[in-house]
Each structure stands twice: as C-alpha cells, then as structure tokens.
Amino acid sequence: MSTGNMNLTLKVWRQKNNKTAGALVDYKLAEISPDMSFLEMFDVLNEQLINKGEEPVVFDHDCREGICGMCSMFINGRPHGPKDLVTTCQLHMRSFKDGDTIVVEPWRAAAFPVVKDLTVDRSAFDRVIAAGGFISVNTGNAQDANNLPIPKMQADAAFEAAACIGCGACVATCKNASAMLFVSAKISQLALLPQGQPERYRRVQSMVAQMDAEGFGNCTNTGACEAECPKGISLENIARMNRDFASAKFISEETV
Amino acid sequence: MSGFGNAFSSSIGKKFIMGATGIFLILFLIVHCGINALIFLDDNGLTFNIGAHFMATNWIIRAGEVVLMLGLLVHIFQALRLTIENRKARPVKYAVNDGKANSKWYSRSMGLLGTLLLIFLVVHLKDFWVVSRFTGIPTVDANGHEDLYAVMKDKFQDPVRVGVYILAMISLCYHLLHGFASAFQTMGWNHSKYNGIIKGAGVWYSIIISIVFAAMPIAIHFGFIK
C-alpha cells in the first residue's frame, strides 16, 4: 500500500454483535495517501490491528466500483461521507484534510440491526423486494423487444429509478429511518414500463405492507434521502408510489 | 371498511391523513386571515365585526367549525403517533449526524414547530374563540354587532401577548414552508410542469399568511390602525 502524508484520527463504532452495546473507539493513522479510497484506508487500519493481534473492524464491501451497494459507512454524520453521488468505496482520502478526526458509524435503524462493528443486516430490503419487486413472465420464447413500444421519457425515468443499488443510505440518513425512497424506486422501475403493468397495483400494496412490517419509519418529506442517495434517486418516485398506492386502495377493484 | 384494507393504517395512509388535514388547515387559514385582514380597512372594526358576526351565526360555518376542530385534532394526534413510531424506527442515535447537509432545519423540526403552534393555539382560542362563542363579547359596535374588534384592541395592549403572537407566526411560517409543498408530495401531486408553481406558491403563501397575521397585533399595539 502506497504511503502518503496524511495523519488522521478515526472514531470507529465497535460492536461485538446485535446483543451487546457498542461504543466509538479512537484509532490514530499515520502516512495515509490522499489517493487511497476510504475503504483502502480502512484496509490499512485493519492490517495494523491484525499485526497488533487485535480484532479488525468488520465492514461491508464488495465491488469497490460504486455499483454493488454493499459499502455502507455513516461518515462524519453523512451516509457515504461528504461527497454527493458517490458510495464510500468511491470516496477518496483527498476529500479529507491532514489532521482530521473522522467519525465512522454503521447505518442506524431498527430494521437494520448491527451484525458486527460497521456491518448491518439489510435483508429487510430483500424481503421487501420478494414481496412484489418483480414481474411474472410465462415461460417460452422471449418476444421481440420492439413489440413493446416504450416512450423514451418513460424508459429514461424507469432507468433512473433502476439505478438504485439498495445500499440503504436513504434509510440511514432519514431522521425517521424511512425506506420510502428505496421502495418507491423499486416500485417505479416496474410501474413505468409495460411489463410492470399487470401487477402494478398488487405490487405497490404488497411492497408497502412489507416495508411497514419491517419496522421502517414513516416519511416526512425532509428530502434528506434524495440529497444523500449515491445514485441520485428522485423524490418523484415517492410521489408516484403514493399515487399508485391511492389508486390501488381507492380506485382499483382488485383487493390484495 | 373491508375493501379498503390498510388504506389508512399503512405508512402511506397515515401520510395521506397528515397531508389531507394539512391542506384543509391551509385552506382554513386563508379564510381566517382574509376576514381578520378586514381590520386594516381602519373603520374601527365595523366591517371586520360584520364578518365575525357572520362567522359566529351562520349555521354552515358553525358546522364547519366542528369539522375544523376534528381536522385539527386528527392532524395533532396523527403527528404524535407518527413521531412515536419514527423514534422507535431508530432506537440507537448517531453520535454525529449532519442533518443540515441534506435537509432544511424546519423540515426536520415539524414536531417542535407544531408543538409551539399548539401552545399558541391554547392561548389564542382562550383569547378570542372562548370569548366570542361562550363567555360573550361585552360591547356592541355602531352597527349593533358584537364588537370583537374591541376585544382585539384590548388584548393587544399587552406587549407580552403581542410578542407571543409574533413568535407563533414565525413558527407558523416555517411550519407552512415545509407543510405546504410536503402535503402535495404526500398526496402524490408531483408533476414536472407544476412542481415549480407548487413550491413557489408554498413559499409565498407561508410568508404572506404569517406576515398578515403578525401585522394585526403589531398594528393594534402601536396604534397604526384605530
């Protein structure tokens, strides 16, 4: 690992498991390169801890390319740190100054219990998807894609909603730990396309019901989720979800 | 309501109730502010008292008053319920949370602003509503109507009361700055061609309503109007 000239103080949340209480622990790091990613800086910390015979800090990460949605650190009071539209793995140490103190905490929500240190259990999101975030397709040959004309604007809006990587930053930053930005993006990406129409109103009811069952909070439209989302998912998805929910409950004759 | 299922008990349904009662209260404030602004005609409250007399005696208005009270109570209790649930959704707080980086302070403080407004409402209802509906307005004006304007003039001689009203109107302004646009978003009334109009209307509405209301105790206290 390349060495650099940054000296940092880290305050990292250490928690053995879901049953025990955690606390912030101070670590000093020297000679950190400004070209390192935030996770590479944690790799340096963990190597030092392992060499000292201490437990390394457990944190989620996978692709380190900003597309998988695994990394999840609440850095100095913001999910994925101080930069807009980046995940923690794409955040670099040049975004900090020599001598900085950096506080790193896990996502905090009742629906995201801490597994260990900075890793939380986000399977609540999986269960929301399983409740209706799919389309049912009969087996057989796929038909020609051009048989389904889709206006460019619709296709773009669906694509933008589909950019959600399910990292949970929206829940982490929301003062109510609400998952509405995530759920609305997953509903919208299908509700905007013809393939999503047959199950459109059944889907919104099932996914919202599962979201509520998981113990996420209620949205109060502060807009923090949209501001912190590394993929720029728009609040208009929440409005669309609310509209679809109202249509499902008050207009549609189908009951779920 | 078998066919409607969890329409109102789900997280979105609870938001609908907040948004719908909020819009109802927003509409009420226009009526309230409009009638009260008649004092600025500076005719010793004669026109204002005609309005107040109509509001106190017309049976449709009186029935609407009951709906208003119910709407207000639902708005308050739903907010309380949502706040308790939302606190439970994050049992362990962040050591550092930089809220100002991603949202407006008044959007995050609707509960606090609403509580300040509730305390103000107790004072306000005791000042005028209880007098006009129950204990009785002591004097009549030149037209023979109950002189509610005289009650206003009397109450706003007290500088403390004027201060409380002004602070409450600042709270109201910020509460509305979030609430107006938020209600539209909650109801799903989001449209790229109208979003700018809704946001702009919300800002203007909040500022105008609060300033016109706050101007009343100020104008009376300092004798800008007779």
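Predicted model: local features only at pLDDT ≥ 70, side-chain atom pairs only at ≥ 80, totals over all residues.

Student: Which domains does the assignment give for chain A?

Tutor: Chain A is assigned domain 1 (6-115) and domain 2 (122-251). Their C-alpha centres lie 29 Å apart. Where they meet, 17 residues of domain 1 of chain A are in contact with 17 residues of domain 2 of chain A. The domain 1 side of that meeting has eleven nonpolar, four polar and two charged residues.

Student: How should I read a nonpolar core?

Tutor: In soluble globular proteins, nonpolar side chains tend to be buried together. Here the largest nonpolar core has 78 residues, and A:Ala109, A:Cys170 and A:Phe182 are among those with the most contacts inside it. Helix 5 (residues 180-191) of chain A gives the most to this core, namely eight residues. Both domain 1 and domain 2 of chain A supply at least three residues each.

Student: With which residues is A:Phe182 in contact, leaving aside its neighbours within four places in sequence?

Tutor: They are A:Phe125, A:Cys164, A:Gly166, A:Cys170 and A:Val171. Apart from this core lies another, of 24 residues, including B:Leu148 and B:Phe213.

Student: How many residues does each chain bring to the contact between them?

Tutor: Chain B brings 37 residues and chain A brings 42 residues. On the side of chain B, helix 1 of chain B contributes the largest share, five residues. By class, that side of chain B has 14 nonpolar, 16 polar and seven charged residues.

Technical notes:
Residues numbered from 1 in each chain as written. Chains lettered and ligands numbered in written order. Contact = placed C-beta atoms within 7 Å. Helix = DSSP H or I, 4+ residues; strand = E, 2+ residues; numbered from the N terminus. Nonpolar A, V, L, I, M, F, W, Y, C, P; charged D, E, K, R; others polar. Core = buried A, V, L, I, M, F, W, Y, C linked by C-beta atoms within 7 Å. Buried ≥ 20, exposed ≤ 12 C-beta atoms within 10 Å, placed from the backbone. Domains from an automatic or database assignment.
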